[in-house]
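Welcome! Here is a friendly first look at a structure that may be new to you. Please keep the sequence and the 3D view open as you read.

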Amino acid sequence: MPILQLQFKDKIISKYRVEKGKSIKIGRRDSNDIVIENVSVSGRHAKVESADNGGFMIVDLNSTNGTFVNDKMITTHQLRHGDVISIGKHRLIFGYVKGEARPDIEEKQEEEGWMEKTMVLDTEEHREMLAKTADELRAKITVDKVGILSYLSGAEGEFPLTKKLVKIGKDPSNDIVVGGLTMGKVAATISMMPTGYQLSYVGGMSKPKVNDSTVKESVKLEEFDTISIGSLKAKFILKG
(Lines give C-alpha, C1' and ligand atoms only; values in the text may rest on other atoms or scores of the structure.)
Protein backbone atom coordinates (compact mmCIF):
# COMPACT_ATOMS: atom_id res chain seq x y z
CA MET A 1 0.00 0.00 0.00
CA PRO A 2 1.29 3.49 -0.80
CA ILE A 3 1.82 6.12 1.88
CA LEU A 4 0.69 9.71 2.40
CA GLN A 5 3.21 11.61 4.51
CA LEU A 6 1.90 14.79 6.15
CA GLN A 7 4.47 17.56 6.56
CA PHE A 8 4.53 21.10 7.88
CA LYS A 9 7.60 23.27 7.30
CA ASP A 10 9.61 20.15 6.34
CA LYS A 11 8.71 18.45 9.61
CA ILE A 12 7.00 15.06 9.36
CA ILE A 13 3.75 15.10 11.36
CA SER A 14 2.32 11.67 10.53
CA LYS A 15 2.01 8.96 7.87
CA TYR A 16 -1.12 7.31 6.48
CA ARG A 17 -1.56 4.05 4.55
CA VAL A 18 -3.63 4.36 1.36
CA GLU A 19 -5.77 1.25 0.85
CA LYS A 20 -7.55 0.18 -2.31
CA GLY A 21 -11.33 0.56 -2.19
CA LYS A 22 -11.18 3.08 0.66
CA SER A 23 -11.39 6.87 0.59
CA ILE A 24 -9.20 9.13 2.72
CA LYS A 25 -10.92 12.42 3.58
CA ILE A 26 -8.78 15.49 4.23
CA GLY A 27 -9.91 18.72 5.90
CA ARG A 28 -10.22 20.84 9.01
CA ARG A 29 -13.13 18.94 10.59
CA ASP A 30 -12.49 16.22 13.16
CA SER A 31 -14.57 13.78 11.09
CA ASN A 32 -11.85 13.64 8.40
CA ASP A 33 -9.27 10.85 8.22
CA ILE A 34 -6.48 13.44 7.92
CA VAL A 35 -7.25 16.51 10.02
CA ILE A 36 -5.36 19.72 9.22
CA GLU A 37 -6.20 22.41 11.78
CA ASN A 38 -5.62 25.61 9.83
CA VAL A 39 -8.03 28.39 8.85
CA SER A 40 -6.87 28.16 5.22
CA VAL A 41 -8.16 24.56 5.03
CA SER A 42 -11.84 23.91 4.32
CA GLY A 43 -13.96 21.66 6.56
CA ARG A 44 -14.10 19.08 3.76
CA HIS A 45 -11.14 20.02 1.56
CA ALA A 46 -10.14 17.00 -0.54
CA LYS A 47 -10.08 13.21 -0.67
CA VAL A 48 -7.83 10.45 -1.98
CA GLU A 49 -9.56 7.43 -3.50
CA SER A 50 -8.94 4.43 -5.74
CA ALA A 51 -8.86 4.96 -9.50
CA ASP A 52 -10.22 2.53 -12.10
CA ASN A 53 -6.71 1.82 -13.44
CA GLY A 54 -5.56 0.39 -10.12
CA GLY A 55 -3.89 3.56 -8.90
CA PHE A 56 -5.10 6.44 -6.76
CA MET A 57 -6.37 9.95 -7.39
CA ILE A 58 -6.89 13.08 -5.36
CA VAL A 59 -10.13 15.06 -5.72
CA ASP A 60 -10.68 18.63 -4.57
CA LEU A 61 -14.06 18.99 -2.78
CA ASN A 62 -14.80 22.55 -3.92
CA SER A 63 -12.43 23.90 -1.26
CA THR A 64 -12.15 27.64 -0.68
CA ASN A 65 -8.40 27.95 -1.28
CA GLY A 66 -7.86 25.05 -3.66
CA THR A 67 -5.77 21.88 -3.77
CA PHE A 68 -2.37 21.88 -5.49
CA VAL A 69 -0.27 19.02 -6.82
CA ASN A 70 3.33 19.90 -7.68
CA ASP A 71 2.40 23.62 -7.51
CA LYS A 72 -0.52 23.30 -9.96
CA MET A 73 -4.14 23.76 -8.89
CA ILE A 74 -6.22 20.65 -9.59
CA THR A 75 -9.79 19.42 -9.40
CA THR A 76 -8.83 15.75 -9.90
CA HIS A 77 -5.36 14.29 -10.40
CA GLN A 78 -3.94 10.80 -10.91
CA LEU A 79 -1.35 10.41 -8.18
CA ARG A 80 2.14 9.22 -9.01
CA HIS A 81 5.10 8.32 -6.84
CA GLY A 82 6.64 11.45 -5.33
CA ASP A 83 3.71 13.82 -6.00
CA VAL A 84 3.57 16.74 -3.55
CA ILE A 85 0.02 17.73 -2.53
CA SER A 86 -0.26 21.22 -1.02
CA ILE A 87 -3.28 22.03 1.15
CA GLY A 88 -3.01 25.36 2.90
CA LYS A 89 0.45 25.52 4.46
CA HIS A 90 0.74 21.73 4.78
CA ARG A 91 2.06 19.16 2.33
CA LEU A 92 1.14 15.54 1.73
CA ILE A 93 3.76 13.44 -0.06
CA PHE A 94 2.38 10.44 -1.99
CA GLY A 95 4.68 7.45 -2.58
CA TYR A 96 4.88 3.69 -2.95
CA VAL A 97 7.11 1.70 -0.63
CA LYS A 98 10.19 0.09 -2.13
CA GLY A 99 9.39 -2.98 -4.20
CA GLU A 100 5.63 -2.38 -4.21
CA ALA A 101 3.83 -2.94 -7.53
CA ARG A 102 2.50 0.19 -9.20
CA PRO A 103 -0.29 0.65 -11.77
CA ASP A 104 0.69 0.47 -15.44
CA ILE A 105 0.23 4.23 -15.85
CA GLU A 106 2.81 4.92 -13.18
CA GLU A 107 6.09 6.20 -14.54
CA LYS A 108 9.13 4.32 -13.26
CA GLN A 109 10.94 6.51 -10.80
CA GLU A 110 13.74 5.97 -8.31
CA GLU A 111 12.20 4.61 -5.12
CA GLU A 112 15.21 4.66 -2.85
CA GLY A 113 14.95 7.47 -0.28
CA TRP A 114 11.90 9.26 -1.75
CA MET A 115 10.71 10.31 1.69
CA GLU A 116 14.00 12.00 2.54
CA LYS A 117 14.31 13.71 -0.83
CA THR A 118 10.88 15.30 -0.73
CA MET A 119 11.55 16.77 2.70
CA VAL A 120 14.11 19.22 1.33
CA LEU A 121 11.84 20.68 -1.35
CA ASP A 122 11.62 24.48 -1.00
CA THR A 123 8.07 25.66 -0.29
CA GLU A 124 8.86 29.38 -0.37
CA GLU A 125 8.23 29.61 -4.12
CA HIS A 126 4.86 27.91 -3.66
CA ARG A 127 3.83 30.31 -0.88
CA GLU A 128 4.88 33.31 -2.97
CA MET A 129 2.86 31.99 -5.90
CA LEU A 130 -0.25 31.58 -3.76
CA ALA A 131 0.15 35.05 -2.25
CA LYS A 132 0.63 36.65 -5.66
CA THR A 133 -2.40 34.86 -7.10
CA ALA A 134 -4.55 35.87 -4.13
CA ASP A 135 -3.46 39.51 -4.38
CA GLU A 136 -4.19 39.59 -8.13
CA LEU A 137 -7.66 38.16 -7.56
CA ARG A 138 -8.43 40.56 -4.73
CA ALA A 139 -7.38 43.46 -6.96
CA LYS A 140 -10.27 42.57 -9.25
CA ILE A 141 -12.83 43.18 -6.51
CA THR A 142 -14.75 46.43 -6.99
CA VAL A 143 -12.91 48.95 -4.84
CA ASP A 144 -15.70 51.53 -4.59
CA LYS A 145 -17.55 49.49 -1.94
CA VAL A 146 -16.23 48.06 1.31
CA GLY A 147 -17.95 45.48 3.51
CA ILE A 148 -19.12 46.72 6.91
CA LEU A 149 -20.49 44.87 9.91
CA SER A 150 -23.08 47.11 11.54
CA TYR A 151 -23.63 45.78 15.05
CA LEU A 152 -27.20 45.07 16.12
CA SER A 153 -26.41 43.50 19.52
CA GLY A 154 -23.40 42.37 21.52
CA ALA A 155 -21.37 45.42 20.48
CA GLU A 156 -21.84 48.98 19.28
CA GLY A 157 -20.94 50.82 16.11
CA GLU A 158 -19.48 49.31 12.94
CA PHE A 159 -16.55 47.13 11.94
CA PRO A 160 -15.03 47.74 8.47
CA LEU A 161 -13.96 44.56 6.64
CA THR A 162 -10.81 46.00 5.10
CA LYS A 163 -8.47 43.10 6.01
CA LYS A 164 -7.96 40.07 3.78
CA LEU A 165 -9.06 37.80 6.64
CA VAL A 166 -11.06 38.83 9.70
CA LYS A 167 -11.07 36.35 12.61
CA ILE A 168 -13.97 36.08 15.05
CA GLY A 169 -13.85 34.13 18.34
CA LYS A 170 -13.09 34.21 22.05
CA ASP A 171 -9.30 34.38 21.78
CA PRO A 172 -8.07 37.94 22.47
CA SER A 173 -5.93 37.83 19.32
CA ASN A 174 -9.04 37.80 17.10
CA ASP A 175 -10.14 40.89 15.21
CA ILE A 176 -13.64 40.57 16.72
CA VAL A 177 -13.76 39.00 20.19
CA VAL A 178 -16.94 37.18 21.24
CA GLY A 179 -17.05 35.44 24.62
CA GLY A 180 -18.88 32.31 25.74
CA LEU A 181 -18.08 28.79 26.94
CA THR A 182 -19.13 27.21 23.63
CA MET A 183 -17.35 29.80 21.50
CA GLY A 184 -14.28 28.55 19.64
CA LYS A 185 -10.91 30.26 19.96
CA VAL A 186 -11.44 31.11 16.31
CA ALA A 187 -15.12 30.48 15.65
CA ALA A 188 -15.42 31.98 12.17
CA THR A 189 -13.65 34.06 9.57
CA ILE A 190 -14.74 36.58 6.96
CA SER A 191 -12.53 36.48 3.87
CA MET A 192 -12.15 38.99 1.07
CA MET A 193 -12.65 36.86 -2.05
CA PRO A 194 -12.51 37.64 -5.80
CA THR A 195 -16.32 37.70 -5.93
CA GLY A 196 -16.96 39.48 -2.62
CA TYR A 197 -16.95 38.44 1.04
CA GLN A 198 -17.23 34.92 2.42
CA LEU A 199 -18.11 33.77 5.95
CA SER A 200 -16.57 30.46 7.04
CA TYR A 201 -17.13 28.34 10.15
CA VAL A 202 -13.82 27.37 11.80
CA GLY A 203 -14.45 25.68 15.16
CA GLY A 204 -16.29 25.56 18.45
CA MET A 205 -19.80 24.51 19.41
CA SER A 206 -21.28 27.92 18.59
CA LYS A 207 -21.64 27.92 14.82
CA PRO A 208 -22.28 31.19 12.96
CA LYS A 209 -25.65 31.86 11.38
CA VAL A 210 -26.58 33.91 8.34
CA ASN A 211 -30.24 34.97 8.27
CA ASP A 212 -30.93 32.33 10.98
CA SER A 213 -29.42 29.53 8.83
CA THR A 214 -26.48 27.72 10.43
CA VAL A 215 -23.24 27.91 8.47
CA LYS A 216 -21.56 24.49 8.52
CA GLU A 217 -18.74 25.35 6.10
CA SER A 218 -18.74 28.58 4.06
CA VAL A 219 -21.27 30.96 2.54
CA LYS A 220 -20.98 34.02 0.34
CA LEU A 221 -22.32 37.13 2.04
CA GLU A 222 -24.97 39.22 0.34
CA GLU A 223 -25.73 42.82 1.24
CA PHE A 224 -28.07 43.19 4.23
CA ASP A 225 -27.43 39.63 5.45
CA THR A 226 -27.80 39.28 9.23
CA ILE A 227 -24.88 37.46 10.86
CA SER A 228 -25.16 35.91 14.33
CA ILE A 229 -22.27 34.38 16.29
CA GLY A 230 -22.98 33.70 19.96
CA SER A 231 -24.06 36.96 21.61
CA LEU A 232 -22.98 39.02 18.60
CA LYS A 233 -25.42 40.03 15.91
CA ALA A 234 -24.58 42.29 12.96
CA LYS A 235 -25.86 43.40 9.58
CA PHE A 236 -23.55 43.03 6.58
CA ILE A 237 -23.69 46.08 4.34
CA LEU A 238 -21.62 47.58 1.54
CA LYS A 239 -20.53 51.23 1.69
CA GLY A 240 -18.93 53.45 -0.89
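The notes below go through a sheet, a loop proline, the aromatic rings, a cavity and a pocket.

Please keep in mind that this is a predicted model. Two topics to look out for are an open sheet of 5 strands and a set of 3 aromatic pairs found across the whole structure.

**The open sheet**

- Strands of a sheet pair through backbone hydrogen bonds, and this can happen in a parallel or an antiparallel way.
- Follow β17, residues 196–201, to see how it pairs with β20: the two run in the antiparallel sense, joined over 3 bridges.

**A proline in a loop**

- Between β14 (165–169) and β15 there is a loop, and Pro172 is found in it.
- Is Pro172 buried or exposed? With a relative accessible area of 70%, Pro172 is exposed, because the cut-off for that word is over 50%.
- Val186 is 14 residues away from Pro172 along the chain, and the C-alpha atoms of the two are separated by 9.8 Å.

**Aromatic rings**

- A pair of aromatic rings is described by how far apart the centres are and by the angle between the planes.
- The search of the whole structure gives 3 aromatic pairs.
- One of them joins Phe94 and Tyr96, edge-to-face, at 5.4 Å centre to centre and with 85° between the planes.
- Phe94 has a relative accessible area of 0% and is buried; Tyr96 counts as buried too, at 2% relative accessibility.
- Tyr197 and Phe236 form a pair with ring centres 5.7 Å apart and planes at 65°, so this pair is edge-to-face.
- This pair links distant parts of the chain, as Tyr197 is in strand β17 and Phe236 is in strand β22, 39 residues apart.
- Tyr197 is buried at a relative accessible area of 9%, and Phe236 counts as buried at 2% relative accessibility.
- Which residues do ring pairs link into a cluster? They are Phe56, Phe94 and Tyr96.

**The cavity**

- Rolling a probe the size of a water molecule over the atoms shows where empty space remains.
- The count comes to 1 cavity of 30 Å³ or more, and the largest cavity has a volume of about 40 Å³.
- The largest cavity is lined by Leu149, Ile168, Ile227, Ser228, Ile229, Leu232 and Ala234.
- Both β21 (226–229) and β22 (232–239) supply at least two residues of this lining, and β21 gives the most, with 3 residues.
- By class, the lining of the largest cavity holds 6 nonpolar residues, 1 polar residue and no charged ones.

**The second largest pocket**

- The second largest pocket has a volume of about 290 Å³.
- Its lining includes Arg28, Arg29, Asp30 and Glu37, as well as Tyr201, Val202, Gly203, Lys207 and Lys216.
- How many charged residues does the lining of the second largest pocket have? There are 6 charged residues, along with 3 nonpolar and 2 polar ones.

Terms used
Residues numbered from 1 in each chain as written. Predicted model: local features only at pLDDT ≥ 70, side-chain atom pairs only at ≥ 80, totals over all residues. Heavy atoms only, no water. Pairing = 2+ DSSP bridges. Helix = DSSP H or I, 4+ residues; strand = E, 2+ residues; numbered from the N terminus. 1 Å grid on protein atoms, 1.4 Å probe; cavity = no way out; pocket = protein on both sides within 12 Å on 5 of 7 lines; lining within 4 Å. Points joined across faces, edges and corners; volume = space filled by probe spheres on them. Nonpolar A, V, L, I, M, F, W, Y, C, P; charged D, E, K, R; others polar. Buried < 20%, exposed > 50% of the residue type's maximum accessible area, 1.4 Å probe, protein only. Phe/Tyr/Trp six-rings, centres within 6.5 Å; stacked < 30°, edge-to-face > 60°.
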